[in-house]
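Let's take a friendly walk through this model, from its charged pairs to its pocket and surface.

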Amino acid sequence: MGVARGIRARYGGSLAHLVLVLGSFALTGYAGLRLLRGDTLGIVIWFVGAALLHDLVLLPLYTVTDRAVQHLFRRRRSREAASRSRPVAGRIDYVRVPACLALLLLLVWYPLVLGRVSGFSAYTGLPADVFWGRWLLITAVLFAVSAVCLLVSVWRARPHRPKAGSSDR
């Protein structure tokens, strides 16, 4: 028990957390070594390019977009000053989560979604033109589920008024 407390005091987390983090680093290192056996320069260029694209283009883009959505929610909320709804950040998450998931799916599968890869029909067993529609359908479902969750959250947060015919004794 003393070792676990000592690790928690020095590391800041549990022993299981430390083992999982070290395991993930080991797995990442192994995958990196296996990956770099091929075209090392091309892979390094791809990683540096992806980091630069994310940090210099995508991060400012989605930060500005998030701030704009927050501003819209704040303006709308100031008009509804009497309402007792959740804070702005809480409601924005109902837009952030499905948008982030849809964009992540697009980022991972963009060659298929945008039809930039030929010859994948043999691997997927699907015609090349179905991925765009399916991505749009998944995106619509994500936003619909998020809207239902928002409605449930608003419904549960509303103040409950006693019925007109009931009396408190």
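## Salt bridges

A salt bridge here is a side-chain nitrogen of Lys or Arg within 4 Å of a carboxyl oxygen of Asp or Glu. Please keep in mind that the model is predicted. By that rule, the count is 2 salt bridges. In one of them, the side chains of Asp 66 and Arg 96 meet, at 2.8 Å from N to O. This pair ties together distant parts of the chain, with Asp 66 in helix 3 and Arg 96 in helix 4, 30 residues apart.

Arg 96 also forms a salt bridge with Asp 93, where the closest N and O atoms are 3.0 Å apart. Both of these residues, Arg 96 and Asp 93, lie in helix 4, 3 residues apart, or about one turn of the helix. As a reminder, an α-helix has 3.6 residues a turn, so residues three or four places apart point the same way. Taken together, Asp 66, Asp 93 and Arg 96 are linked in a network of salt bridges.

## How covered is the network?

Arg 96, at 31% relative accessibility, counts as partly exposed, and so does Asp 93, at 34%.

## The largest pocket

The largest pocket holds about 970 Å³ of space. It is lined by 19 residues, and the closest to its centre are Leu 58, Tyr 62, Cys 100, Leu 103 and Leu 104. Helix 3 and helix 4 (88–113) each supply at least two residues of the lining. The largest share, 10 residues, comes from helix 3.

What is the lining of the largest pocket made of? Its residues divide into 15 nonpolar, 2 polar and 2 charged.

## A nonpolar surface patch

Tyr 62 sits in helix 3 (residues 40–79). With a relative accessible area of 44%, Tyr 62 is partly exposed.

Helix 1 (residues 2–11) is hardly covered: among its 10 residues, the count of buried ones is 1. Just after helix 1 comes Gly 12, which takes a positive phi of about 95°.

Key: Residues are numbered from 1 along each chain as its sequence is written. This is a predicted model: local features need pLDDT of at least 70, side-chain atom pairs count only at pLDDT 80 or more; totals for chains, interfaces and linings use all residues. Side-chain values use heavy atoms; hydrogens and water are left out. Buried means under 20% relative accessible area, exposed over 50%, partly exposed in between (1.4 Å probe, protein chains only). Helices (H or I, at least four residues) and strands (E, at least two) are DSSP runs, numbered from the N terminus. On a 1 Å grid over the protein atoms alone, a cavity is a set of points where a 1.4 Å probe fits but cannot get out, and a pocket is an open set with protein on both sides within 12 Å along at least five of seven lines; lining residues have an atom within 4 Å of a point. Grid points are joined across faces, edges and corners, and a volume is the space filled by probe spheres set on the points. Ala, Val, Leu, Ile, Met, Phe, Trp, Tyr, Cys and Pro count as nonpolar, Asp, Glu, Lys and Arg as charged, and the others, Gly among them, as polar.
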